[in-house]
Amino acid sequence: GLFGGTILLARPRLTEWQRLQKTQARLEDEIERDRGLVEKSEEWETRFDALSEAMPQYAPQMKTDVLWLSTIDSVAREHGLEIRRIEAGEERQQGDVYELPIECNEWEGSLDALVHFLFDLQSRGAMLDVRFLLVKPKAGKVLRGRFSLSCAYTREEGAATGDEAGS
């Protein structure tokens, strides 16, 4: 009876102990992974510096939304891509990097025009990320759709904190 009572009382503790062992193993793995990242911090800083140098830099008071919208419009026209509705979102700051989301809600053109347009934007030194791209057939080789871009850049020293894109 004493042995049976001990087992009944110890079973929940055994389950808890096994759960704690699994948690401990997971945390040890996370610590080891984090330790590896910390050991490579110089490599990460070097890579960050290289990317930062390649990122466009603008004056604190410059309206980047106007700049990006006009650049996108002119590059689209160069490649025969018709953009009918486009708008810039609010500029967001994440550390030293600023991000401006741009929504193109309606475009029309060929696949060739779209590919050349996106490639040309990227090759002009822009740090762009296509977050969303929708392509639908319209007629023949003409396509239509929408896309969402995120433009990354930095501001010169003394930059304001985010009111540039709002007016």
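What span should the 15 residues of α3 have at 1.5 Å a residue, and how far apart are its end C-alpha atoms? This tour of a predicted model begins with that helix.

**Stop 1: helix α3.** Select α3, residues 64–78. At 1.5 Å a residue, its 15 residues should span 21 Å, and the end C-alpha atoms are 21 Å apart, which agrees. Next, highlight Thr64, Asp65, Trp68, Ile72, Val75 and Ala76, which are buried. These residues cover an arc of only 110 degrees around the axis, which puts them on the same side of α3. To view what covers the buried residues, display elements including β1 (57–58), β2, β4, α4, β5 and β6. Just after α3, select Gly80, which takes a positive phi of about 75 degrees.

**Stop 2: helix α4.** Move to α4, residues 111–123. Its 13 residues should span 18 Å at 1.5 Å a residue, and the end C-alpha atoms are 18 Å apart, in agreement. Select Ala113, Leu114, Phe117, Asp120 and Leu121, the buried residues of α4. They lie on the same side of α4, because they cover an arc of only 135 degrees around the axis. Leu111 and Phe119, on the other side, are exposed. The cover over the buried residues of α4 includes α3, β2 (82–88), β4 (97–109), β5 (127–139) and β6 (142–155).

**Stop 3: the aromatic rings.** How many aromatic pairs are there? The count comes to three. Display Tyr98 and Tyr153: their ring centres are 6.1 Å apart and their planes stand at 10 degrees, so the pair is stacked. Tyr98 belongs to strand β4 and Tyr153 to strand β6, so that the pair links distant parts of the chain, 55 residues apart. Both Tyr98 and Tyr153 are buried.

Now select Phe117 and Phe147, which form a tilted aromatic pair, with 5.9 Å from centre to centre and 45 degrees between the planes. Since Phe117 lies in helix α4 and Phe147 in strand β6, this pair ties together parts that are 30 residues apart in sequence. Phe117 and Phe147 are both buried.

Finally, select Arg155, which lies over the face of Tyr98, at 5.5 Å from the ring centre.

How values were computed:
Residues numbered from 1 in each chain as written. Predicted model: local features only at pLDDT ≥ 70, side-chain atom pairs only at ≥ 80, totals over all residues. Heavy atoms only, no water. Helix = DSSP H or I, 4+ residues; strand = E, 2+ residues; numbered from the N terminus. Expected span 1.5 Å × (residues − 1). Buried < 20%, exposed > 50% of the residue type's maximum accessible area, 1.4 Å probe, protein only. Arc of directions from axis to C-beta. Contact = heavy atoms within 4.5 Å. Phe/Tyr/Trp six-rings, centres within 6.5 Å; stacked < 30°, edge-to-face > 60°. Lys NZ or Arg CZ within 6 Å of the ring centre and 35° of its normal.
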